[in-house]
Amino acid sequence: AAGAALDAAQAARAEARAAVERADWQLQSADDTARGAAEAWQDALAEVRLAEPEARRQLATGPTDLAGEQQALDALEAERQGAQALATHLASEHATLLAARPQTPGLDRVEAELAALAVHHAALNEQAFELEARRREDDRLRVEQSGLADALADAEAEADVWGRLNDLIGSHDGSRFRDFAQSLTLEAVIGQANHHLAELNPRYALMRVPGRDLDLQVVDHDLGDEIRPVESLSGGETFLVSLSLALGLASLSARDTRIDSLFIDEGLGTLDVDTLDRVLDALDALQATGRQVGLISHVPGLAERIGAQVKVSPQSAGVSTVQVLGPGRWAEAS
């Protein structure tokens, strides 16, 4: 039992020795690690340029303090970047100003520029003298022109009257004045003709074509005063319009001229009985004013309405007889 206990004790001693050796190795390793950590700590302090107490104080700082310091660092970084941008801009402007800085000219160049400026100055003085002379001449002309303004206004007014008159009636052959004068006569004829046309056929009235002195058109009262060309009238209507114009012309009289005779050649056959009666009544009224009215027609029964007649009767071989019939008058010729 003692031997067994001895063996066990020896084994325990050997194990203890091994444990001591392991502990020594671990202690040596820990010392090496501690020395390495201390050296790294010192290197880190040297790199960040901090004293050990300040570094330990910062290492003891909590998360909240770190966040505040981080914000401060961010603000400083923003300021640094702004300062860097400003420095870059100022450097660029500095380079630009250096490039634009004028070179100091030499004495010869300065003297040449002064001579050129002297010549330019003399030219400007001469130009100023000429402009002053022109200004004085302009003032004189303005005074003279102000005296002519009234005369010019009177001349322009008179020229305007003659110009407007020329626009109305002026032409090299007198045709425009002739047309103008005839248009005035036509206006008077139309007034008289409408008076007769109202008795013959009140449906129509005559008027001049606007802008055309001697052209006529017809106003149709039955169609809401529609304007119609004279070419749209029928044969009977055309005869009535022509007769109205002839009667209107016969109604006009001048100081030395009087229309005493009116001859109507055919056209009566295109009228109906009522219209024919109105036409004959109008001719009777015209004859009652002392004018002679002659009708040339083959309308049956028309002779009974006419007191004096010139009757042409055809004979053989191209021979005709002419008889003048009327109150107290009779004649025959061949």
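Here is a short chat about a predicted model and the reasoning behind some of its labels.

Visitor: What makes up the fold, in terms of helices and strands?
Guide: The protein has seven helices and eight strands.

Visitor: How do you know that the span of helix 1 fits its residue count?
Guide: Helix 1 covers residues 2-48, and at 1.5 Å a residue its 47 residues should span 69 Å; the end C-alpha atoms sit 67 Å apart, so the two agree.

Visitor: Why is V110 called partly exposed?
Guide: Buried means under 20% relative accessible area and exposed means over 50%. V110 comes in at 32%, so it counts as partly exposed. You'll find V110 in helix 4, residues 107-169.

Visitor: What makes the nonpolar surface patch that includes V110?
Guide: V110, L114 and L117 make it, with an area of about 270 Å². Patch members need over 30% relative accessible area, and V110 has 32%, so V110 clears that cut-off.

Visitor: Which residues touch the most other members of the largest nonpolar core?
Guide: L243, V279 and L283 do, out of 26 residues in that core. Helix 5 (175-200), strand 1 (204-208), helix 6 (235-251), strand 4 (261-265) and helix 7 (273-288) each supply at least two of its residues.

Visitor: What does V279 touch, leaving out residues up to four places away in sequence?
Guide: L200, L240, L243, L268 and L271.

Visitor: How much of the protein counts as buried?
Guide: Of its 334 residues, 16% do. As for the accessible surface, that's about 24800 Å², with 57% belonging to carbon and sulfur atoms.

Methods. Residues numbered from 1 in each chain as written. Predicted model: local features only at pLDDT ≥ 70, side-chain atom pairs only at ≥ 80, totals over all residues. Heavy atoms only, no water. Core = buried A, V, L, I, M, F, W, Y, C linked by side-chain atoms within 4.5 Å. Buried < 20%, exposed > 50% of the residue type's maximum accessible area, 1.4 Å probe, protein only. Helix = DSSP H or I, 4+ residues; strand = E, 2+ residues; numbered from the N terminus. Contact = heavy atoms within 4.5 Å. Expected span 1.5 Å × (residues − 1). Areas by Shrake-Rupley, 256 points an atom, 1.4 Å probe, with all protein chains shown as cover. Patch = residues over 30% accessible without salt bridge, like charges linked within 9 Å, V, L, I, M, F, W, Y side chains within 5 Å. Salt bridge = Lys/Arg side-chain N within 4 Å of Asp/Glu carboxyl O.
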